[in-house]
Amino acid sequence: MKTILAYRFSAFGDVAMVVPVLREFLEQNKDVEIVMVSRTNFKTLFEELDRVKFHGVQLENYKGALGLWKLHQELYKHYHPDFVADLHGVIRSRFLNLYFKIRGIKIAKIDKGREEKKQLVNVWNIDKKQLKHSTERYADVFRQIGYSLHLSHRLKPNSAIEKQGIGFAPFAQHKGKVMPIEKSLALAKSLAKKYPVYLFGGGKQEVELLNQWEKEDDNLISCAGKLSLKEELEKIASLKLMISMDSANMHLASLMGTRVISIWGATHPYAGFLGYGQRISDAIAVDDLTCRPCSIFGQKECFRGDWACLEELQIQPVIKKVEELMLEL
């Protein structure tokens, strides 16, 4: 049995996208186990995977080159990996790669396609093209090592779970990904006339806001701040449908086999971050803006200054898509 040491430390959605890759890799390669190194609080994401040992780290305990040398020593001592898979491609992982390379261990590292993405978000470029999906970039790392891997890009819902209700996650880490809050509330209230709508968010302000929304209608139920990550995943798995910004919730829903209507502002599925197994036909955006996408992660200020990609979003296309999918699912 060979051992692959893999690491990806952040962000939450990117780490969640690692899970389906590992699942399908291990299904297709029975003679290998994986040690997954990531932030301690991401452990729940990997608990259902066979032949995956999760090694959680608190990164503040491993600062600088000496701290990373210490981490590398601990990982080598515990696992003696045959290969290292760098799924992150940042300065921290490059130091770890160097230390393991000194020991003679084969290193494979992710190609993030930085130049392609830079061209994609160039507002003067009107010839936008689909880039490689992030999960395929992860898969390429294992292919570099010498293993075969074919990703299905299909959702895997749990057929034993009775699904009901709609989830709605109206927030994201960066402003460029978030539909105006008043529109999100109008969407939630409109859907609540017909379906139970479960609201997802995190952080004090989001929890407070969603608790206020909950009072607007008996069919609005806030899950924010009330569930552990494991409980949240279980709830998402029980939903018929999730509505999400381009955010971690889209990836959690994909992980649990739940169909997602995704809403996009400054970012775009072309960058390769559409939820695993989700359909681009279920992505809602203002498509006639040639400046989109202007950001890979949504953190940039608006080039035009008016946030048209968000302000011009309408809730009617989302409601129409919900009705279509609720009949289909």
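Predicted model: local features only at pLDDT ≥ 70, side-chain atom pairs only at ≥ 80, totals over all residues.
**Salt bridges and an open sheet**

How exposed are the two partners? Arg137 is buried, at a relative accessible area of 5%, while Glu116 is partly exposed, at 39%.

Now, how many salt bridges are there by this rule?

Take Lys177 and Asp246, whose side chains meet in a salt bridge at 3.7 Å, N to O. Lys177 sits in the loop between strand 6 (166–169) and helix 6 (181–192), and Asp246 sits in the loop between strand 9 (241–245) and helix 9 (248–255), so here the pair ties together parts that are 69 residues apart in sequence. Buried or exposed? Lys177 has a relative accessible area of 13%, which makes this residue buried because the limit is under 20%. Asp246 is buried too, with a relative accessible area of 4%.

Next, Lys129 and Asp127: this salt bridge spans 3.8 Å from N to O. Lys129 is exposed, with a relative accessible area of 53%, and Asp127 counts as partly exposed at 47%.

There is also a network of salt bridges, and if you want to select the residues in your viewer, they are Arg259, Arg279, Asp282, Lys321, Glu324 and Glu328.

In which order do its strands lie? Six strands make an open sheet in the order 8-7-6-9-10-11, with parallel pairing. At the edges are strand 8 (220–222) and strand 11 (283–284), each of which pairs on one side only.

Let me zoom in on the strand 8 end. Strand 7 (residues 197–199) and strand 8 run parallel and are joined by three bridges. In this pairing, Leu199 stands opposite Ser222 in strand 8. Helix 7 (residues 204–214) packs on the sheet, where this helix touches strand 6, strand 7 and strand 8. The direction of helix 7 makes about 155° with that of strand 8.

Conventions
Residues numbered from 1 in each chain as written. Heavy atoms only, no water. Buried < 20%, exposed > 50% of the residue type's maximum accessible area, 1.4 Å probe, protein only. Salt bridge = Lys/Arg side-chain N within 4 Å of Asp/Glu carboxyl O. Helix = DSSP H or I, 4+ residues; strand = E, 2+ residues; numbered from the N terminus. Pairing = 2+ DSSP bridges. Contact = heavy atoms within 4.5 Å. Axes fitted to C-alpha atoms, helices over the stretch in contact; angles between N-to-C directions.
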